[in-house]
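The stops below go from the whole chain to single residues.

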Amino acid sequence: MRLTPLTSLTPEQKELLTAIVGPRVEEPPPPFLAWARNMELAHWVEHLGRYCRNESRFPQRLRELSVLIAGRHFDSQSAWNAHYEQAIAEGVPAECLDRLARGEAPEFKAEDERVFHAFAHEMLYDHFVTDETYAEAMALFGEQGVLDLIGCIGSFSMSAMMLNIFQIPLREYLPRPFPEIDGFGRVAGSEG
C-alpha cells in the first residue's frame with residue numbers, strides 16, 4: 001500500500017467509518033483507508049457514495065452491477081471482489097459477470113441489465129452514448145434514472161481509481177478476477 005497505515009482514528013474518522021459501515025465494524029472497507037486521510041473530501045465522497053449504494057432509483061442488483069462495470073473498466077480487482085458475490089446474490093447472472101471480467105461482452109438477458117451495461121460501457125469507453133442507447137435508457141429508467149446511472153458510474157469509478165492508485169491491498173483469500181492484471185499492473189504482453 002502506498003499510504004502509511006492508520007494506527008489510530010480521530011473522532012471524525014471514527015464517525016465517517018460508522019457512517020459507511022455501521023458501529024460494529026472489525027475491518028474498515030478498503031476505500032476508507034484512503035478517504036479518511038482527507039476528511040473534507042471524504043465528507044462529500046461519502047454522501048455521494050451512500051446515495052449511489054443505498055438510495056439511487058435503481059434496484060440493488062443494478063447498483064452492484066454499476067460497481068462491477070466501473071471496477072472492470074479501471075481494472076480494480078479490489079472493487080470487483082468486494083461486490084461480485086453481492087451482485088450474484090442480487091440476481092446478476094454469474095456467467096455474465098465472468099464474461100465481463102474476461103473482457104468479453106457480458107450478454108445480459110435482462111433488458112435493464114443489458115441497457116444499463118450498454119449505456120455505462122459507451123459512456124466509459126467511447127465517452128459518448130449513441131442516440132439508440134440513450135433512447136433505450138430513457139425509456140427504461142427515465143431522466144432521473146439516467147442521471148443516477150451517470151452519478152453511480154462516476155462515484156464508483158472514482159473509488160476504483162483510488163483503490164488502484166494507492167494500491168490498497170487485495171484481500172489474499174479472494175481470487176484475481178482479471179486475467180491480464182496482476183496486483184496493480186498489467187501482465188507482460190497484455191494490451192490495455
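Predicted model: local features only at pLDDT ≥ 70, side-chain atom pairs only at ≥ 80, totals over all residues.

The protein has eight helices and two strands.

Next, show the C-alpha atoms alone. Along the principal axes they fill a box of roughly 50 × 40 × 30 Å.

The accessible area is about 10500 Å², and carbon and sulfur atoms hold 55% of it. Of the 192 residues, 43% count as buried. For contacts between residues at least 6 apart in sequence, 63% join residues at least 24 apart.

Colour the charged side chains. There are 17 positive and 29 negative ones, and the centres of the two sets lie 5 Å apart.

Select aspartate 75, in the loop between α4 (60–73) and α5 (77–89). Aspartate 75 is not a glycine, yet its phi is positive, at about 55 degrees. Is aspartate 75 buried or exposed? The cut-off for buried is under 20% relative accessible area, so aspartate 75, at 13%, counts as buried.

Finally, select histidine 127, in the loop between α7 (111–126) and α8 (131–165). Histidine 127 also has a positive phi, of about 70 degrees, without being a glycine. With a relative accessibility of 60%, histidine 127 counts as exposed.

How values were computed:
Residues numbered from 1 in each chain as written. Heavy atoms only, no water. Helix = DSSP H or I, 4+ residues; strand = E, 2+ residues; numbered from the N terminus. Buried < 20%, exposed > 50% of the residue type's maximum accessible area, 1.4 Å probe, protein only. Contact = heavy atoms within 4.5 Å. Areas by Shrake-Rupley, 256 points an atom, 1.4 Å probe, with all protein chains shown as cover. Lys, Arg positive; Asp, Glu negative; His and termini not counted. Charge placed at Lys NZ, Arg CZ, Asp CG, Glu CD.
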